[in-house]
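Open the model in your viewer and keep the selection tool at hand.

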Amino acid sequence: MSSPTVLIIGCGIAGPVLAILLKRKGYNPIVFEKVQALGDAGASLMIQPNGMKILNLITPNHPLPTITPLQSLWHGTASGKTLGHSTLPSTYIDRYTQPASGIKRSVLNLHLKTTLQKHGIPLYEGYQLESIHEHVHQVIASFTNGESVTGSFLIGCDGIKSSTRKLLLSQKAGIAEGPPTFTGLVQVAGISKTPQSMADKVISLSNWYGEGVHVVAYPISTEDISWAVTIPDTEGEDSTWRAATAGTELESLRGKLRVRLSGFEDCILEMVNTADRIISYGLFDRREVPAEQWFSDRVVLVGDAAHPTSPHLGQGANQALEDCFHLCRMLPDLSLDKANWGVVEQGLSGIFEEFARSRQPRTLMLVREARRLGEQRVVVGGPERCRERDASIADAWKDEKAVARGLDGLFREPF
């Protein structure tokens with residue numbers, strides 16, 4: 001009996017990871033990506049210990065490039081007054097077996113794409129999903145380029161703008177879901193050489209809280225730092241990544257940021273002034289869906305397609321990686337007995353249901369916590385509300401044991 005073919009929609013982070021894990025278990029994955037070629041989109045992301053554990057399963061002998069493990073966490077006011085500080089990240093390897101590290105998004109994407117190809121897994125770029133047709137023993141995915149591909153089941157890893165989710169909700173629940181909802185916030189981000197004035201924060205995940213402005217920064221190499229400024233934008237912002245790399249557009253973005261960042265530490269302005277590429281993008285959200293809407297008989301969602309989350313907790317990519325681990329864990333190993341697929345196929349929707357119901361409580365809690373942080377901490381207006389926020393942050397960081405317990409809840413998973 002031949003290996004069952006798995007159609008994986010999306011080649012961001014979850015798609016390649018799932019494909020590699022499933023290949024090792026005797027499945028035949030094929031990955032489809034809507035863009036013609038993965039490019040230099042986005043700035044960076046923070047891979048926490050729970051996500052790093054999964055990435056380490058993929059290439060244990062070829063670790064991620066330019067890893068710079070975090071050593072501390074810092075929270076402070078716009079002017080640089082410390083509200084909270086902890087060196088707990090320096091203990092992550094001992095506590096959780098893996099560090100936390102920032103990494104440029106395009107570097108991670110290329111690393112995963114290259115690893116995918118080394119495993120001999122087909123990748124088709126320029127394939128935008130258009131329709132899904134489920135049958136008794138197969139699923140057919142059709143794409144806007146006119147191509148159709150048949151598989152045993154399909155996994156949607158295509159993010160907050162997921163075509164898989166839209167089709168699944170329409171076909172299973174009769175829900176016509178529109179585009180993601182703009183949150184009223186935008187992020188402007190860049191990568192710069194680490195300012196000399198940030199020597200005390202060079203290996204720290206740092207947060208500055210101002211009036212109506214939030215800044216986060218962390219290292220992505222020994223020399224480079226990634227930063228993002230979150231600000232309100234009531235006019236709305238297109239969700240497509242927009243990059244300014246030269247000329248008047250770049251200077252215009254810098255000028256707007258300098259106005260917004262008045263009163264912030266000089267190192268923040270130095271990062272803005274020295275970045276040779278700045279991107280601007282809206283922050284979007286979707287409604288929560290119950291676990292039974294994550295799957296059908298031959299389709300299942302993972303990552304932001306199932307549980308889109310705002311970036312304020314830094315768990316979006318990490319929860320997608322946890323999804324990959326748990327879904328693959330629940331699917332039987334066919335590498336030794338491919339004939340077992342006939343038995344597995346009969347209970348496929350039950351496996352998907354178990355996955356969704358086991359994952360939904362954790363992801364829902366984290367999605368809501370990320371929203372809460374965004375509303376109560378990230379962009380707060382008015383002097384009185386800012387004072388209350390600063391006092392709340394300072395109080396929360398007084399008890400390092402409580403902070404450690406909170407981190408344990410995040411990072412001791414998924415194994």
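Strands here are DSSP runs of E with at least two residues, numbered from the N terminus. The model is a predicted one.

**Stop 1: threonine 230.** Select residues 224-232, which form strand S15, and pick out threonine 230 within that strand. Is threonine 230 buried or exposed? Its relative accessible area is 1%, and because buried means under 20%, threonine 230 counts as buried. Now show the side chain of glutamine 187: it makes a polar contact with the side chain of threonine 230 at 3.0 Å. Next, display the contacts of threonine 230, leaving aside neighbours within four places in sequence; among them are Leu185, Val186, Gly212, Val213, His214 and Leu283. Val378 and Val379 are also in contact with threonine 230.

**Stop 2: the largest cavity.** The structure holds 2 cavities of 30 Å³ or more. For the largest, select Glu288, Val289, Ala306, His307 and Leu364, which lie nearest its centre among 13 lining residues. The volume is about 90 Å³. By class, this lining has 6 nonpolar, 3 polar and 4 charged residues.

**Stop 3: the second largest cavity.** Select His307, Thr309, Ser310, Leu313, Gln315, Gly316, Gln319, Thr363, Leu366 and Val367 to show the lining of the second largest cavity. Helix H8 (316-330) and helix H10 (348-378) are the elements that give two or more residues to this lining. Which of the elements gives the most? H10 does, with 3 residues. The volume of the second largest cavity is about 50 Å³. Its lining divides into 3 nonpolar, 7 polar and no charged residues.

Definitions and conventions
Residues are numbered from 1 along each chain as its sequence is written. This is a predicted model: local features need pLDDT of at least 70, side-chain atom pairs count only at pLDDT 80 or more; totals for chains, interfaces and linings use all residues. Side-chain values use heavy atoms; hydrogens and water are left out. On a 1 Å grid over the protein atoms alone, a cavity is a set of points where a 1.4 Å probe fits but cannot get out, and a pocket is an open set with protein on both sides within 12 Å along at least five of seven lines; lining residues have an atom within 4 Å of a point. Grid points are joined across faces, edges and corners, and a volume is the space filled by probe spheres set on the points. Ala, Val, Leu, Ile, Met, Phe, Trp, Tyr, Cys and Pro count as nonpolar, Asp, Glu, Lys and Arg as charged, and the others, Gly among them, as polar. Helices (H or I, at least four residues) and strands (E, at least two) are DSSP runs, numbered from the N terminus. Buried means under 20% relative accessible area, exposed over 50%, partly exposed in between (1.4 Å probe, protein chains only). A polar contact is a pair of N or O atoms within 3.5 Å; within protein, one must be able to donate a hydrogen and the other to accept it, and residues adjacent in sequence count only if both atoms are side-chain atoms. Contact means heavy atoms within 4.5 Å.
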